[in-house]
Amino acid sequence: MRKLIFAALVAFVSSSPALAETPEQRGLAITKEAQKRSEGWVDSKVEMKMILENSQGEKSERNMRLRALELISDIDGDKSLTYFLSPADVQGTALLSFTHFTTPDDQWLFLPALKRVKRIASANKSGSFVGSEFAFEDLLAQEVPRFTYKYLRDEPCPTDEAKALSCFVIERFPTYENSGYTRQIGWTDKKEFLVRKLQYFDRKSEHSKTLHFAEYRAYQGKFWRAHKLVMENHQTAKKTTLSFSNFELNAKVDQTEFDPDALGRLR
Amino acid sequence: MAWTAAAQATPIDVSGYVAAEVRIFPAEAKFARQHENAFSPSMALQPEMRWKPDGENTLTIIAFGRVDADDSERTHWDIREANWLYNAGDWDLRIGLGKVFWGVAESRHLVDIINQSDLVESLDEEDKLGQPMANLNVITCIGTWSAFVLPYFRERTFAGSDGRPGLPLPFDENLATFESSDKERHVDYALRWQERLGDIDVGLSHFHGTGREPRLMPTLTPSGPVFAPHYDQIDQTGLDIQATLDAWLLKLEAIVRSGQGETLFAATAGFEYTLYQLFETTYDLGLIAEYHHDGRGSDAPFTVFNNDIMAGTRLALNDQDDTAVLMGAILDVETQTTLATIEFSTRLADGWKLEMEGRIFPYVANGSVESNSEREHTFELRVLRYF
């Protein structure tokens, strides 16, 4: 029975707008379906390698260990913990983020040399994360209520990996304060509802960046994760590549790891 | 045997840095006993070792040493940390030499009291000596509770007789006196509670034991007058609050201390406001202002922060090299004596870092307590190699 309803829903969201559904309703319905399919991973552990590349092709590397805790709630989004392994001078630094839907997010930074936990302003959504082409807001949990949506069209998926698939093209508009974007356009495939490409439009509504998602693999048969993310900045010709390894979902992460008072014992 | 097998399976993580430093003193020393080298080089090494045999246990050892060309007291070494941590999730226990930071302010750390300051390293009281401790932390739904038993006291370090920046009289730690007959073996206790109440973080702490700040007692010795440190028994209650509102951080630290003459009250209140992506660049500019009040009398250790205003800026370029510049000035409201500071840091290459620091006195009032420091402008240039 559940399967039948599910199939009906998929048919519903992927069918033509025969039911006089507005593009806004359709965009939201597709995003909710994608969200619903990705729920239930509980918590995760993963290692991330970040390679920054400037317009001359010079590269520098950062390595991080990420932990995330899934929260299914109307008020609070996921919690995430980023622990720096390199560059060597920032090894042991940790950043803890709690996302919320209606109130500002909470963020704490642990500075290992001083053994100091500093609560920092979360207003810095559009700033660069550790000098990369990713802004803080690009890496925070992409929770459904953080945007409004508009379905644009269907077209073949734009990445090599998904070129056999058809994609929904959905425009989304940030609803949270201090975003550096007026809008984003995403390509979500119709088979697994995975985002394959995301275009970012800056405050002047210029197409500033494009994020490519690749090397999707499923965990426990249903939780799909991209293992390679490439962010291109069209204005500066800089590029940042994220490579993920050793994903663990339902990893039984101790919840106290997400307590700001416990940041000092990570290293 | 299983334990041995596990031990072999978990490698010991070795890291740390080696640093080459030159300190520059552009003005001649005030006192004849101080060295006269405008360029004063030194080398420092901080090796760190960590071993995690399993998810609960961590062994940490951090040593520090410096060899200084001109100041024999600055040629020194210390074990910053040598402790075992047992992490049970809701609670943890740390035993050994450890380091703890309390507080929220930037220009003065009033509430922070567990570790002794290593003033021969830096006058900003952010370099600390390893403190012997047993520390239990319990995370509960009504905040985190921390209890400390501190069985041994570390004496504060100062520059040597010939060192710079220096004191008006040479400092002689061998003449240290203590209120407690147990001297440095007096067992100190501390308790702290901290909790998050929405946008507000609150910490409340109490310390009972040997005060970390010595009174400097002028003492006549056969080789001339010196400062001998005297360490009192004190009780200090501290409060620290930070409200985090959009791009604003509002901060308050306050202490009440008894045991050094009349009960004293001191407070630091201020804010940090950040302008993100200044003028549509990637730069962030933080504006910092703090006011210091300290009501201590002449029976308490001397402080420069009796009635002072600090204003500063923190510029972060958010580039690949994490380049940042911190500039500030501390003005004494009564005497107008001013200390200006600048700190710059950037990554030169992977594993290499450059740091520059400057402390200058643009104006020192005649007869003020800082008048002994008026020529002690100091610039530091440091290259660090992390491993």
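Analyst: Start with B:Gln34. B:Gln34 touches B:Ala29, B:Asp162, B:Gly163, B:Arg164 and B:Gly166, leaving out residues up to four places away in sequence. Keep in mind that this is a predicted model.

Where does B:Gln34 lie? It lies in a loop of chain B, between strand 1 (13-24) and strand 2 (39-51). Is B:Gln34 buried or exposed? B:Gln34 counts as buried because it has 23 C-beta neighbours inside 10 Å, and the cut-off for buried is 20 or more. Now compare sequence with space. B:Gln34 and B:Arg375 are 341 residues apart in sequence. From C-alpha to C-alpha, B:Gln34 and B:Arg375 are 12 Å apart.

Stay in chain B and look at a sheet. Three strands of chain B form an open sheet in the order 8-12-11. Its pairing is mixed. Strand 8 (177-178) and strand 11 (215-221) of chain B are the edge strands, and each pairs on one side only. Strand 8 of chain B runs parallel to strand 12 (residues 224-231) of chain B, and two bridges join them. In this sheet, B:Phe178 stands opposite B:Tyr231 of strand 12.

Next, cross to chain A. The contact between the chains involves 25 residues of chain A and 35 residues of chain B. On the chain A side, eight of the residues are nonpolar, eight are polar and nine are charged.

Now for the nonpolar cores. The largest nonpolar core has 29 residues. A:Ala94, A:Leu96 and A:Leu263 have the most contacts inside this core. Several strands of chain A give two or more residues to it, among them strand 1 (43-53), strand 4 (94-100) and strand 12 (223-233). A second, separate core has 15 residues, including B:Val100, B:Phe207, B:Leu264 and B:Ala300.

Which residues does A:Leu96 touch? Not counting residues up to four places away in sequence, A:Leu96 touches A:Leu81, A:Gln107, A:Trp108, A:Phe258, A:Pro260 and A:Leu263.

Finish with a helix. Helix 2 (residues 23-38) of chain A has 16 residues. From its first C-alpha to its last, helix 2 of chain A reaches 23 Å, close to the 22 Å expected at 1.5 Å a residue. Buried residues in this helix include A:Arg26, A:Ile30 and A:Ala34. An α-helix has 3.6 residues a turn, so residues three or four places apart point the same way. A:Gly27, A:Leu28 and A:Thr31 of helix 2 are buried too. Just after helix 2 of chain A, A:Gly40 takes a positive phi of about 105°.

Conventions:
Residues numbered from 1 in each chain as written. Chains lettered and ligands numbered in written order. Predicted model: local features only at pLDDT ≥ 70, side-chain atom pairs only at ≥ 80, totals over all residues. Contact = placed C-beta atoms within 7 Å. Nonpolar A, V, L, I, M, F, W, Y, C, P; charged D, E, K, R; others polar. Core = buried A, V, L, I, M, F, W, Y, C linked by C-beta atoms within 7 Å. Buried ≥ 20, exposed ≤ 12 C-beta atoms within 10 Å, placed from the backbone. Helix = DSSP H or I, 4+ residues; strand = E, 2+ residues; numbered from the N terminus. Pairing = 2+ DSSP bridges. Expected span 1.5 Å × (residues − 1).
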